[in-house]
Amino acid sequence: MSEPSRAPRTVSDVMTHTVVAVGRDAPFKELVELIDQWKVSALPVLEGEGRVVGVVSEADLLAKEEFRGLTGPMSELADLVKAGAVTAGELMSSPAVTVHADAPLAEAARIMARRRVKRLPVVDAVGLLQGVVSRSDLLKVFLRSDEELADEIRRTVLARVPTASAVTLGVTGGVATLSGTLRDRALVPVLAQAVRSIAGVVDVRFDLSHP
């Protein structure tokens, strides 16, 4: 029997290593063309040996169209600046919202949600670009098969709890169901947390009886 593959747990496990990026002087039209060609929502802006100094997103580029022909006052000075910008350096949001390759997937998801971004440049300790992680990349953990999830739950959770020997496991659609007999009911929240921590588990349910 082959050794089970390691489940994706960190950004490095799911990120895209081949990344399209631009320099500060990249012109507006080139930015639009790259976003259309590569089907991405944002482009990292680099300087020097590849240090990420900002990100140009579709929203940054749309300011030019949004305020075209607007005669009233801009809501903010930043609106006026973005509408008149013609290079990546003028358009980019800086400092860039980034993540490290060894960050847990949950951390990357929290950053995306909190900062309302769809993609994060992945950088090393000195800020050099290593890749990009997107929302769709983070969702890859849920493509793990039910069999693979069940195997990991048995090996890493149930096998380490001697009193759970009478508990049976079923996984359907990523939802783990623990049934059977559990002598110590205080273990239910412990088992629930341990199972939910496994990458790819959608939910955990219990159908337990007292011994």
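Good morning. Helix α3 contributes the most to the lining of the largest pocket, with 3 residues. Please keep in mind throughout that this is a predicted model.

Let me stay with that pocket for a moment. The space in the largest pocket comes to about 360 Å³. Its lining consists of 17 residues, and those closest to the centre are Ala42, Val55, Ser57, Arg116 and Val117. Which elements each supply at least two residues of this lining? They are β3, covering 51-57, α3, covering 58-66, and β5.

The structure also holds a cavity. A search of the whole structure returns 1 cavity of 30 Å³ or more, and the volume of the largest cavity is about 40 Å³. Lining the largest cavity are Ala42, Leu43, Pro44, Val55, Arg119, Leu120, Pro121 and Val132. Both β2 (42-47) and β5 supply at least two residues each to the lining of the largest cavity.

Strand β5 brings us to the sheet. Three strands form an open sheet in the order β4-β5-β6, and their pairing is mixed. Strand β5, residues 119-123, pairs with β6 in the antiparallel sense, over 5 bridges. Within this part of the sheet, Pro121 is opposite Val132 of β6. Against the sheet packs helix α6, residues 105-115, which touches β4, β5 and β6. The direction of α6 makes about 130 degrees with that of β5.

I turn now to the nonpolar cores. The largest has 22 residues, and the members that touch the most others are Ile153, Leu158, Leu169, Leu182 and Val195. At least two residues of this core come from each of α8 (146-156), β7 (167-172), β8 (175-181), α9 (188-196) and β9 (203-209). Helix α9 provides the largest share, 4 residues.

What does Ile153 touch, leaving aside residues up to four places away in sequence? Its contacts are Leu158, Leu169, Val171, Ala176, Val195, Ile198 and Val201. Another core, of 17 residues, lies apart from this one and includes Met112, Leu120, Val122 and Val133. As general background, nonpolar side chains in soluble globular proteins tend to be buried together.

Terms used
Residues numbered from 1 in each chain as written. Predicted model: local features only at pLDDT ≥ 70, side-chain atom pairs only at ≥ 80, totals over all residues. Heavy atoms only, no water. Pairing = 2+ DSSP bridges. Contact = heavy atoms within 4.5 Å. Axes fitted to C-alpha atoms, helices over the stretch in contact; angles between N-to-C directions. Core = buried A, V, L, I, M, F, W, Y, C linked by side-chain atoms within 4.5 Å. Buried < 20%, exposed > 50% of the residue type's maximum accessible area, 1.4 Å probe, protein only. 1 Å grid on protein atoms, 1.4 Å probe; cavity = no way out; pocket = protein on both sides within 12 Å on 5 of 7 lines; lining within 4 Å. Points joined across faces, edges and corners; volume = space filled by probe spheres on them.
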